[in-house]
Amino acid sequence: MSIGAVLAFLRDDFPEVTISKIRFLEAEGLVEPRRTPSGYRKFSPADVERLAYVLRMQRDHYLPLRVIREHLDAIERGEAPPALPAPEARPGPLEEADRELVAGTDAASGVRLGRAELLAAAEAGEGELSEWESYGLVAPGADGGYDGEALQVARLVAELGRYGLEPRHLRAMKAAADREVALVDQIVAPLRRHRNPQTRAHAEATARELATLSVRLHAAMVQAGLRTKS
């Protein structure tokens, strides 16, 4: 089957799939279609079955591609794939937001990574990081290193990329985050300039609380929006 025929076949069950997504999954090594002498992709029934499996695991179980690859490797060896998480065990957007906030706080504590270390931790390539930086999604510090928050952003951007979301798609998120930062700073800036150390400490605590509320509000709005689509 050609890639266009595969797309038409899969869209019955996966209407969100695109040719770009199929090519992305190929680039990630999840499927390896045969190439004709002129370079056209030719997908076998087994290739299409693998693609459907990957898309189903992403849609129904929210599994990252790394885990799905482990499932496929186990199936190829004739073994049973790892157990799938129960649907009720999957966290919703609010729970995910809380988890990411905690992870971000833990990750930011004293972490300093070089470029190669960040790439390894985010499971990304040099080209991907350069593109993230060109869009302002990830930025090194003055010393050229990366802190824990940059690592968290890089991991999330990489994970979104495995679903076909490119850095250009994330510019709106970056712009919204910048606006929220400006809003929080507007509130706490007078406290930060205060001579009293306790007042300045209160400013930092207030900034963290406002950031938490902002992220939770965003997650709640996403959750509400998704509910209206179901």
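The accessible surface of the protein chain comes to about 14,300 Å², and 57% of that belongs to carbon and sulfur atoms. Such areas come from the Shrake-Rupley method with a 1.4 Å probe; for residues, only the protein chains shown count as cover. This is a predicted model, in which local features need pLDDT of at least 70 and side-chain atom pairs count only at pLDDT 80 or more, while totals for chains, interfaces and linings use all residues. Residues are numbered from 1 along each chain as its sequence is written, and side-chain values use heavy atoms, with hydrogens and water left out.

The protein chain holds 10 helices and four strands. Both are DSSP runs numbered from the N terminus: helices are H or I with at least four residues, strands are E with at least two. From the N terminus on, the order is α-α-β-β-α-α-α-β-α-α-β-α-α-α. Of the 230 residues, 29% count as buried. Buried means under 20% relative accessible area, exposed means over 50%, and partly exposed lies in between (1.4 Å probe, protein chains only). Among contacts between residues at least 6 apart in sequence, 53% join residues at least 24 apart. A contact here is heavy atoms within 4.5 Å.

Start with the cores. In soluble globular proteins, nonpolar side chains tend to be buried together. The largest nonpolar core has 24 residues, and those with the most contacts inside it are Leu 10, Ile 22, Leu 25, Phe 43, Leu 51 and Ile 68. A nonpolar core is a set of buried Ala, Val, Leu, Ile, Met, Phe, Trp, Tyr and Cys residues joined through side-chain atoms within 4.5 Å. Helices α1 (3–10), α2 (19–27), α3 (45–61) and α4 (65–76) each supply at least two residues of this core. The largest share, seven residues, comes from α3. Leaving aside neighbours within four places in sequence, Leu 10 touches Val 17, Ile 22, Val 48, Leu 51, Ala 52 and Leu 55. Another core, of 16 residues, lies apart from the largest one; Leu 113, Val 138, Ala 150 and Ala 158 are among its members.

Now turn to α8, residues 148–161. Its 14 residues should span 20 Å at 1.5 Å a residue, and its end C-alpha atoms are 20 Å apart, which agrees. The expected span is 1.5 Å times one less than the number of residues. Buried residues in α8 include Ala 150, Leu 151, Ala 154 and Val 157. At the start of α8, a side-chain oxygen of Asp 147 reaches to within 3.2 Å of the backbone nitrogen of Glu 149.

Leu 137 sits in the loop between α7 (126–134) and β4 (146–147). Leu 137 counts as buried because its relative accessibility is 13%. Its C-alpha is 8.0 Å from that of Ala 154, 17 residues away along the chain. Beyond four places in sequence, its contacts include Val 153, Val 157 and Pro 167.

Arg 115 belongs to helix α6 (residues 115–122). At 27% relative accessible area, Arg 115 is partly exposed. Arg 115 and Gly 145 are 30 residues apart in sequence, yet 6.7 Å apart C-alpha to C-alpha.

Helix α9 (residues 171–192) comes next. Its 22 residues reach 29 Å from first C-alpha to last, close to the 32 Å expected. A kink of about 40° lies at Gln 186, shortly before Pro 190. The bend at a residue is the angle between axes fitted to the seven residues ending there and the seven starting there. Val 184, Val 188 and Ala 189 are the buried residues of α9, and they pack against α10 (197–229).

Key. Polar contact = N/O pair within 3.5 Å; in protein donor to acceptor, adjacent residues only side chain to side chain.
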